[in-house]
Amino acid sequence: MKHKEENLKGVTTMKGKYLNPKADLTFKLIFGEHPDLTKSLLNALLPLDENAQITSLEYATPEMVPENPAKKNSVVDVRCKDALGRSFIVEMQLYWSDEFRQRVILNASKAIVRQLDKGEDYTLIQPVYCLNLINDIGFESGPDEFYHDYAIVDVENTNRIIEGLRLVFVELPKFKPKTIAEKKMAVLWLRYLTEIDESTSEAPVELLENEDTRKALQIIEKSAFTEGQLYAYEQFWDAVVNERVLRQKFKREGYAEGHAEGLAEGHAEGLAEGHAEGLAEGKLEIAKSMKADKLPIETIIKYTGLSAAEIEAL
């Protein structure tokens with residue numbers, strides 16, 4: 001973690017005035033407890049018509065929102081409904097994974113199904129919007145193509161849309177203020193999410209001048225957090241970094257070993273078999289390292305896919 005210093009009690013803290021709004025603790029404080037800010041974010045970033053803007057929001061029941069960052073380090077989400085009954089899911093995805101898109105579809109589908117009790121009229125179903133903020137590069141697109149809007153459309157006439165489900169993905173690392181000049185509030189929120197972190201001592205004037213982003217800045221001022229909260233904040237980021245490293249190591253080692261064995265075979269079948277063997281070896285090596293570090297067996301199972309018996313046998 002950058003810009004760290006130890007206080008008198010030995011708890012590691014960060015230099016700068018603010019915390020990063022993308023962490024579990026801060027994101028939920030901003031958008032999980034302040035419906036006015038969530039409304040502002042959604043109206044700015046979702047493809048809503050001017051006459052269909054969100055006027056008020058209420059949050060989903062607490063059990064629908066993950067409470068323990070150790071259970072899901074890479075994702076932070078907030079769920080809510082507006083006065084028209086439309087459902088909104090806001091997710092902060094800290095890094096891209098192959099499973100992420102499928103999970104977004106699953107969560108959106110669940111939000112639709114939850115709207116009706118058995119025997120109720122299907123015409124009561126209201127639209128579901130998923131806003132996915134990704135702190136990573138997840139799409140094979142141009143360097144300025146950071147906003148991806150998915151709807152149910154006619155393949156030959158894409159202007160014909162079946163309303164009911166909208167999935168929006170925003171790749172934060174690709175965002176540059178000049179790429180979305182037509183919507184001032186969208187620019188402000190994206191600057192807030194991409195420019196503010198532990199090293200920020202002075203926020204940009206534009207964010208301080210706007211009522212919504214100024215309030216959001218005040219919420220993540222470091223001085224407002226207890227030492228216990230700051231410690232939990234750092235633990236969250238450490239877990240995120242560790243998970244990213246493990247995934248990258250697994251992918252790199254598995255591919256390298258599999259590719260080498262496949263080339264030795266000299267044909268496509270050998271490449272496929274070698275790749276599979278390399279992936280298996282990569283899992284075992286990662287499991288050995290995690291076991292040597294005395295990580296819980298549940299954690300090793302989660303990141304390697306190995307069974308408890310396989311891990312015990314290492």
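**Exercise 1. The largest cavity**

Task: State which residues line the largest cavity, and describe the lining by element and by class.

Solution. 
Step 1. Pro 127, Tyr 129, Ala 151, Ile 161, Glu 163, Gly 164, Leu 165 and Arg 166 form the lining of the largest cavity. The model is predicted.
Step 2. Strand S8 (residues 161-171) supplies five residues, the largest share of this lining.
Step 3. By class, the lining has five nonpolar, one polar and two charged residues. Gly counts as polar, and Gly 164 is in the lining.
Step 4. The space in the largest cavity is about 30 Å³. Searching the whole structure with a threshold of 30 Å³ or more gives one cavity.

**Exercise 2. Helices H4 and H6**

Task: Find how the axes of helix H4 (residues 184-195) and helix H6 (residues 211-219) cross, and which residues meet.

Solution. 
Step 1. The axes of H4 and H6 come within 10 Å, and their crossing angle is roughly 15°.
Step 2. Angles under 35 degrees count as roughly parallel, so H4 is roughly parallel to H6.
Step 3. H4 and H6 make a right-handed crossing.
Step 4. From H4, Met 185, Leu 188, Trp 189 and Tyr 192 take part; they meet Asp 212, Thr 213, Ala 216 and Leu 217 of H6.
Step 5. The contact of H4 with H6 divides into six nonpolar, one polar and one charged residues.

**Exercise 3. Helices H2 and H6**

Task: Decide how helix H2 (residues 35-45) and H6 are oriented to each other, and list the contact.

Solution. 
Step 1. H2 packs against H6 at about 125°, and the axes are 10 Å apart.
Step 2. H2 and H6 are therefore oblique to each other.
Step 3. The crossing of H2 and H6 has a left-handed sense.
Step 4. Asp 36, Leu 37 and Ser 40 of H2 are in contact with Asp 212, Lys 215, Ala 216 and Ile 219 of H6.
Step 5. Sorted by class, this contact holds three nonpolar, one polar and three charged residues.

**Exercise 4. Helices H2 and H4**

Solution. 
Step 1. H2 and H4 cross in a left-handed way.

Key:
Residues are numbered from 1 along each chain as its sequence is written. This is a predicted model: local features need pLDDT of at least 70, side-chain atom pairs count only at pLDDT 80 or more; totals for chains, interfaces and linings use all residues. Side-chain values use heavy atoms; hydrogens and water are left out. On a 1 Å grid over the protein atoms alone, a cavity is a set of points where a 1.4 Å probe fits but cannot get out, and a pocket is an open set with protein on both sides within 12 Å along at least five of seven lines; lining residues have an atom within 4 Å of a point. Grid points are joined across faces, edges and corners, and a volume is the space filled by probe spheres set on the points. Helices (H or I, at least four residues) and strands (E, at least two) are DSSP runs, numbered from the N terminus. Axes are lines fitted to C-alpha atoms, for helices over the stretch in contact, and angles run from 0 to 180 degrees between N-to-C directions. Angles under 35 degrees count as roughly parallel, over 145 as roughly antiparallel, 65 to 115 as roughly perpendicular and the rest as oblique. A crossing is left-handed if the near helix is turned anticlockwise from the far one by less than a right angle, and right-handed if clockwise. Contact means heavy atoms within 4.5 Å.
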